Amino acid sequence: MAAPSVHLSKSTQSRTQRDLFERRPSTVTPKRRRVLACKGPAGNPVDPGSCDIVVYYLHGGAYVSGHPGTFLLAALRITETAAECGISLSWFGLEYSLAPETKLPTQVEQAVTGYTYLLDQNIDTSKIAVLGDSAAAKTRRGDFLESPWIDLHCSKRASYETNKYMDYINLDTILKASKDLLGNRIGEDTAAFIDFTQPLSGGRSWKDIMPARVWLSAGSHELLLSEIEQFSRLLEKDGVNAQFEVEEGGVHCWQGMKDLWDVSKYLGTIESSLPEEWLMGTAVIGNALLSSVKST
């Protein structure tokens with residue numbers, strides 16, 4: 001989706017640039033949210049503007065919890081893997097405002113402002129890969145959506161019943177998050193972001209909105225599986241180049257759950273190469289991101 005023109009004041013731009021590239025908290029929107037940066041592999045910082053890929057990461061958490069730092073280990077590993085393949089990669093994560101204190105569409109506006117910040121750093125749009133998981137998985141080198149929450153209304157779908165006892169998230173929890181996020185009144189500026197399985201307004205096509213490549217991931221035991229499948233079919237119908245992968249036996253954001261027990265081992269090793277069975281979920285996300293360079 002083309003980003004609306006959202007610009008920061010000159011003083012804010014100057015302070016943000018200084019703080020971000022020195023890896024300190026910075027102000028990027030009037031809501032005072034921070035952007036975190038990982039500029040290449042540890043010990044070898046690179047200029048984001050010269051990188052092959054700049055990942056813009058929007059964290060999950062149903063808009064009521066979460067932090068971009070929760071993906072830091074995966075970001076580090078994917079950046080290392082990229083360097084081993086001769087691909088330079090930088091990583092930016094936005095700490096947007098959370099519900100119930102902040103309602104939609106503020107989070108969308110903050111995400112747009114963060115994206116605009118990248119453009120203001122002379123980063124070409126063809127290098128930006130937007131990565132979102134769960135709630136934030138809502139142009140660019142590509143969109144990479146891990147277990148996206150497509151329908152904020154949680155309309156009745158088959159997987160809510162079939163996977164009710166298979167996933168670690170439950171319908172009551174996400175319904176409460178939805179109420180916290182949307183409040184009691186949905187305005188015109190919010191309605192467009194509620195349910196992406198519904199037809200787009202104005203006769204628009206997803207092909208006009210989405211980038212050249214879209215990667216979708218879900219687990220077969222995922223509570224949100226049905227809506228993700230429906231969204232994938234909509235993209236395909238509209239002619240979007242969408243790759244949809246379903247992990248057999250996987251739950252919501254299965255990659256992070258699969259890697260949970262490998263974290264301490266990874267942080268405790270000094271070896272440059274890891275056993276193949278370590279961080280396999282991270283490897284799946286990394287392969288999707290890096291293939292966008294290998295295929296060009």
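**Close-up 1. Aromatic cluster of Tyr57, Phe71 and Trp91 in the predicted model.** Tyr57, Phe71 and Trp91 together form one aromatic cluster; rings of Phe, Tyr and Trp (its six-membered ring) pair if their centres lie within 6.5 Å, and planes under 30 degrees apart count as stacked, over 60 as edge-to-face and the rest as tilted. The model is predicted, with local features requiring pLDDT of at least 70 and side-chain atom pairs pLDDT 80 or more, whereas totals for chains, interfaces and linings use all residues. Residues are numbered from 1 along each chain as its sequence is written, and side-chain values use heavy atoms, without hydrogens and water.

**Close-up 2. The tilted pair Tyr56–Tyr115.** The whole structure holds 9 aromatic pairs. The ring centres of Tyr56 and Tyr115 are 6.4 Å apart and the planes stand at 50°, so this pair is tilted. Tyr56 lies in strand 2 (residues 53-58) and Tyr115 in helix 3, 59 residues apart; helices (H or I, at least four residues) and strands (E, at least two) are DSSP runs numbered from the N terminus. Both tyrosines, Tyr56 and Tyr115, are buried (under 20% relative accessible area, with exposed over 50% and partly exposed in between; 1.4 Å probe, protein chains only).

**Close-up 3. The stacked pair Phe71–Trp91.** The centres of Phe71 and Trp91 are 5.7 Å apart, with 20° between the planes. Phe71 belongs to the loop between strand 2 and helix 2 (72-84), and Trp91 to strand 3 (residues 89-94). Phe71 counts as buried at 10% relative accessibility, and Trp91 is buried at 5%.
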